Amino acid sequence: VLIVGLCYPNDVRKRLAAIASVALGCAASAPPRAPVTVVVRGDAAEVSRARAALAASPPRGIEVRPFEPPPPRLEETGPGDLAAALDKVRAAYDLPSWEKCMAPIADPALVPALLAAGRRDGASRVLFWRAACLLLKGDEAGARVAARELAVRGLDLPSEKSDPAVPRLLADVALDVSRQQPITVRVTSAGPELVVSFDGRHAVCTTPCPIPARPGPHTVRVDGDGRSPVSREVSVEHGPVEARFDPPAASPDLAARQWVTRWSSSPAVDSAPSLHLLADATRARDLALMVIQGGKRPSVRAALLVDGVVRARTEKEGARGDDAPALLRELLVEGHVIESSSVLKKPLFWIAIVAVAGAAAGLTAYLTNIPHTATVRPP
Amino acid sequence: VKKRVLLVAGCGALWLCVSRCHAVYDVTLELDDAAAGRGFGCVDDAGPLITQRLQANAVNIVMDVIDLGTDVLSCRPTTIADYCANHPCFVRQRACYTVDLSSATPETAVTDAYEQLKAEDAGLSGIPTDRTVMIRFVATAETTCDPNKPLDGSKVGGCVYSCPAKLDASGKIDLDLDEPAFVDCVLAVEACATFPATN
């Protein structure tokens with residue numbers, strides 16, 4: 001610009017200088033670095049190398065934020081110390097003392113809580129002993145209610161030592177229940193698909209789904225990625241019932257534990273649902289997941305999620321943890337988070353080329369038409 | 001990539017400057033003894049034209065650039081005359097120089113004039129290089145230097161001209177007077193000085 005500018009008048013030089021200063025100013029003011037949350041999984045040694053490489057040489061203009069998922073979520077076990085409670089029940093039954101027998105298992109919320117936790121065996125034993133304790137009391141009607149609940153929920157009879165009248169009652173009631181027509185419980189959800197557990201049976205179906213059930217109380221639980229689990233008692237009586245669920249969003253910590261439990265070891269760890277859950281867990285706008293395989297056939301799979309949308313994927317055979325920065329950069333370029341460093345891929349470059357070509361053509365035309373002159377001097 | 005861009009930009013800038021700086025060519029006129037003899041050595045029955053028609057102490061040397069259009073023409077007088085009969089030919093620019101030949105003899109007049117013109121720096125500039133032009137040198141008693149006013153042939157003491165050319169390169173260009181054998185030199189000198197007729 002400076003050299004060419006010398007050929008032009010002062011006003012043109014000033015404009016050229018202004019253009020040059022603006023261009024230099026743009027180049028000098030570095031843009032803020034965009035944060036990208038990066039989750040690296042896979043072979044432990046390669047993961048360490050990848051993290052170190054990303055920390056040492058992040059892609060230009062990018063602030064790499066590593067995310068370490070929490071340990072897997074502990075399964076909900078429901079009410080604790082059931083075995084001790086049942087030992088007390090059994091001892092009281094042998095005394096016999098129906099009050100002491102009933103006391104530890106009288107809470108009506110106990111069975112739903114056990115079923116919500118998937119402990120069908122525990123629920124079955126509680127109902128068995130309720131029936132036994134009530135028979136001990138002489139309350140056959142009450143014992144039948146407990147026996148009916150056990151049958152309605154489809155629980156297996158436990159092998160407990162008791163008076164033979166108890167299993168006889170349970171079998172009799174079960175026969176009655178089996179003769180009743182099942183009624184449909186339709187489980188629906190307001191948002192995304194949810195996994196339905198019914199009376200402690202895990203993953204019976206996903207919403208919306210119909211479930212045949214005998215009339216009586218049932219425990220329905222729903223789970224979903226990024227949602228807090230919800231369980232509810234649904235009473236089935238004469239006609240079809242709809243149980244509608246709208247569980248609240250999971251906390252980031254719960255979402256992270258859900259991801260670790262359900263997806264981190266899955267072959268589909270880089271699938272869209274997995275990435276969405278991970279985004280909930282990390283609360284990141286831009287999220288990159290890298291899965292590194294070590295050993296004799298190393299490879300890296302990576303995916304980029306931007307604003308909840310999977311923008312880019314890549315897979316490199318032979319790549320290792322050290323290649324993480326390059327792969328991340330490739331992902332970010334493909335996902336249009338950053339621009340390619342190659343000028344050939346920059347629209348501005350081609351605009352400049354066209355502009356320069358146009359200017360050159362114009363100048364050529366201008367210079368071609370310059371009225372070149374001669375000066376004649378006398379001999 | 002930045003280096004390549006800078007290199008291309010630099011070459012472009014250089015080319016631009018060079019293109020612009022070489023837009024003017026210098027052309028110097030050449031007049032050898034033989035040509036001077038034919039153009040300025042015309043003698044009729046009354047003697048040399050130079051001494052007959054010019055005041056020796058203030059001889060007006062007129063240098064004309066005659067525009068002949070854009071076609072390429074041969075140097076033959078008849079070809080040029082025929083061409084100008086059908087095309088606009090005119091004196092584009094004119095420069096005048098005064099030389100003192102009071103101490104010169106007819107034999108040394110041209111040499112003296114030549115030596116005095118060498119001291120002249122002023123030439124004719126701004127001649128378009130895309131036009132076919134002729135350069136003419138006339139020694140006349142007229143003192144006017146108006147390019148729009150035709151020279152009076154009867155006051156001309158000598159005349160030489162160049163072949164038609166486009167002055168698109170620096171160098172030298174020869175001046176001469178093509179004098180047909182069947183025309184006497186007075187007619188040839190006057191025709192040379194008063195051409196083109198449309199002027």
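This is a predicted model: local features need pLDDT of at least 70, side-chain atom pairs count only at pLDDT 80 or more; totals for chains, interfaces and linings use all residues.
Biologist: How many aromatic pairs does the structure hold over all chains?

Modeller: A pair of aromatic rings is described by the distance of the centres and the angle of the planes. Counted over all chains, the aromatic pairs in the structure number 3.

Biologist: Is the pair of Tyr93(A) and Trp129(A) stacked or edge-to-face?

Modeller: The ring centres of Tyr93(A) and Trp129(A) lie 5.2 Å from each other, with 70 degrees between the planes. Planes over 60 degrees apart count as edge-to-face. The pair of Tyr93(A) and Trp129(A) is therefore edge-to-face.

Biologist: Which helices of chain A does this pair link?

Modeller: Tyr93(A) and Trp129(A) are 36 residues apart, and their pair links distant parts of the chain. Tyr93(A) belongs to residues 82-94 and Trp129(A) to residues 120-137. The helices are α4 and α7.

Biologist: Is Trp350(A) buried or partly exposed?

Modeller: Buried means under 20% relative accessible area, and exposed means over 50%. Trp350(A) has 43% relative accessibility, so this residue counts as partly exposed.

Biologist: Which ring lies under the charged end of Arg232(A)?

Modeller: The charged end of Arg232(A) is placed over a ring, 4.2 Å from the ring's centre. That ring belongs to Phe245(A).

Biologist: Which strands of chain A do the buried residues of α11(A) pack against?

Modeller: Helix α11 of chain A spans residues 272-282, and its buried residues include Leu275(A) and Leu278(A). The buried residues of α11(A) pack against helix α10 (252-262) as well as strands. Those strands are β1, β10, β11 and β12.

Conventions: Residues are numbered from 1 along each chain as its sequence is written. Chains are lettered from A and ligands numbered from 1 in the order in which they are written. Side-chain values use heavy atoms; hydrogens and water are left out. Rings of Phe, Tyr and Trp (its six-membered ring) pair if their centres lie within 6.5 Å; planes under 30 degrees apart count as stacked, over 60 as edge-to-face and the rest as tilted. Helices (H or I, at least four residues) and strands (E, at least two) are DSSP runs, numbered from the N terminus. Buried means under 20% relative accessible area, exposed over 50%, partly exposed in between (1.4 Å probe, protein chains only). A charge sits over a ring if NZ of Lys or CZ of Arg is within 6 Å of the ring centre and within 35 degrees of the ring normal. Contact means heavy atoms within 4.5 Å.
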